[in-house]
Amino acid sequence: MKGLLLTLQITVVSVLIGTVVGLLFAFFKLSNSKILNWIANVYIAVIRGTPLIVQIFFFYFGLSELGISSYWCATLGLALHNSAYIAEIFRGSIQSINKGQLEAGRSLGMSTPLAMRRIVLPQAFRRALPPLGNQFIIGLKDSSLAAFISSSELFNVATTQGSRTFEEMTYLLIVAIYYLVLVLLFTLLVNRLEGKIAGGDE
Amino acid sequence: MEQRKVMIKVNNLNKSFGDLHVLKDVDIEVHEQDVVVLIGASGSGKSTLLRCLNYLEYKESGSITIDGKVIEPDQTDLNKVRQEVGMVFQHFNLFPHKTVLENVIEAPVMVKKIPKDKAVEEGRALLKKVGLADKEDVYPSKLSGGQKQRVAIARSLAMKPKIMLFDEPTSALDPELVGEVLSTMKDLAREGMTMLVVTHEMGFAREAADTVVYMHDGKIVEKGTPSDIFSQPKNQRTKDFLGTIL
């Protein structure tokens with residue numbers, strides 16, 4: 001049960017941090033500045049181009065020296081990993097909002113940041129919700145990799161219990177069911193949320 | 001005609017998109033309370049001219065003076081200019097995540113910082129004026145095209161602009177919905193709003209315009225009163241154009 005809570009904690013915190021960082025890089029990518037575009041492109045290319053487990057170990061060996069717990073190493077590793085994908089989700093959803101929306105805001109005297117905040121982003125978030133939910137599910141399952149840096153989350157607990165009792169298959173099955181139930185519950189939640197905010201769509 | 005204030009004055013305006021020279025040395029003058037209708041084939045630069053006036057597109061050369069003030073992007077607060085120059089778009093561009101009333105009060109509250117209850121009161125009055133008082137809590141997706149455009153007009157008017165620009169306001173509408181939008185625009189013209197309208201509705205031009213301007217290939221070919229332009233166009237191109245559409 002503690003493993004379950006830790007899994008949820010790692011997932012939620014890493015997706016939240018990933019969302020904030022991802023939004024930042026989405027703006028970098030959409031910016032007119034070549035330097036910011038370049039920074040975002042390199043960042044996304046490096047993160048998407050390397051395996052998550054490598055990134056987690058990287059954080060583990062790099063940060064645990066500084067006295068940072070394996071929980072935070074795993075969470076930060078996952079957060080940055082998520083952020084690259086979330087950056088692309090936000091970039092896509094912001095670009096998918098008709099240019100006329102920004103123009104309409106601007107023609108009413110709104111500054112670009114204000115029109116972005118009041119007009120474009122609320123619509124973009126709405127559109128980003130399904131892929132964000134998807135990313136959350138991926139993050140939830142990816143959090144099992146934290147087991148490799150001895151974070152006692154769900155998967156780690158299961159394998160430890162398994163090897164202690166020599167019933168590996170049973171525990172693997174149990175942990176698989178745990179993940180499945182979590183994912184199904186979360187899918188239900190996202191669907192509910194989508195239904196709720198579908199009200200004012202085009 | 002008595003001397004009225006010049007609200008829009010454009011001199012030698014040029015604009016290109018890449019190699020395409022869209023506006024060529026355009027001069028135009030719109031007096032206060034005048035309704036000027038721009039006509040011409042697609043691609044003749046009418047919409048671009050309109051969009052240059054509130055700097056949704058940046059001019060390349062030439063000068064734009066609005067209400068006596070020369071507008072230069074690096075010296076003028078364009079957001080201030082845009083508050084005074086309302087714009088109505090072909091595709092309405094209502095904010096789909098906001099109700100009709102929220103669409104109308106958004107800019108007054110967020111830009112002009114008008115207290116919300118006052119903005120709501122004024123917003124309701126505007127919706128009543130465009131005949132949509134009963135729709136204030138509805139989302140735009142539930143409205144017909146004609147209703148959407150009338151909301152868009154109310155939304156623009158909420159900023160109390162001195163000039164209204166209309167960019168083909170009825171071109172995206174089903175034929176039976178064009179009338180309601182045009183009649184809203186005629187009401188506005190009667191109240192003395194200064195209007196610059198790009199349209200293919202020659203009936204509107206004939207009835208409501210003080211001046212009709214015919215554009216071809218980025219240039220102003222001919223301007224005059226509706227009766228001059230429609231009954232005795234001087235330029236051969238104007239004749240040809242009117243021949244194809246009337």
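## Basis of the model

Because the model is predicted, local features need pLDDT of at least 70 and side-chain atom pairs count only at pLDDT 80 or more, while totals for chains, interfaces and linings use all residues. Residues are numbered from 1 along each chain as its sequence is written, chains are lettered from A and ligands numbered from 1 in the order in which they are written, and side-chain values use heavy atoms, with hydrogens and water left out.

## The annotated span of chain A

An unreviewed UniProt entry lists residues 4-190 of chain A as "domain: ABC transmembrane type-1"; UniProt positions are given in the numbering used here, feature names are shortened, and annotations may be inferred rather than shown by experiment. In the model, this span is 84% helix and 0% strand, and its end C-alpha atoms lie 20 Å apart. Helices (H or I, at least four residues) and strands (E, at least two) are DSSP runs, numbered from the N terminus.

Side chains of opposite charge can pair when their charged atoms come close. Over all chains, the structure holds 21 salt bridges, each defined as a side-chain nitrogen of Lys or Arg within 4 Å of a carboxyl oxygen of Asp or Glu.

One of them joins Glu103(A) and Lys99(A), at 3.6 Å from N to O. Both residues lie in helix H5 (residues 99-107) of chain A, four residues apart, which is about one turn of the helix. Glu103(A) is buried, with a relative accessible area of 12%, whereas Lys99(A) is exposed at 59%; buried means under 20% relative accessible area, exposed over 50%, and partly exposed in between (1.4 Å probe, protein chains only). Lys99(A) and Glu103(A) are also linked with Arg51(B) and Glu57(B) in a network of salt bridges.

## Salt bridges within chain B

In chain B, the side chains of Lys59(B) and Glu72(B) meet in a salt bridge of 3.0 Å, N to O. Lys59(B) lies in the loop between helix H1 (46-53) and strand E4 (61-66), and Glu72(B) in the loop between strand E5 (69-70) and helix H2 (78-84), so the pair ties together parts that are 13 residues apart in sequence. Lys59(B) is buried, with a relative accessible area of 14%, and Glu72(B) is partly exposed at 23%.

A further salt bridge links Glu122(B) with Lys118(B), whose closest N and O atoms are 3.3 Å apart. These two residues stand four residues apart in helix H4 (residues 116-129) of chain B, a separation of about one helical turn. Glu122(B) is partly exposed, with a relative accessible area of 22%, and Lys118(B) is partly exposed at 43%.
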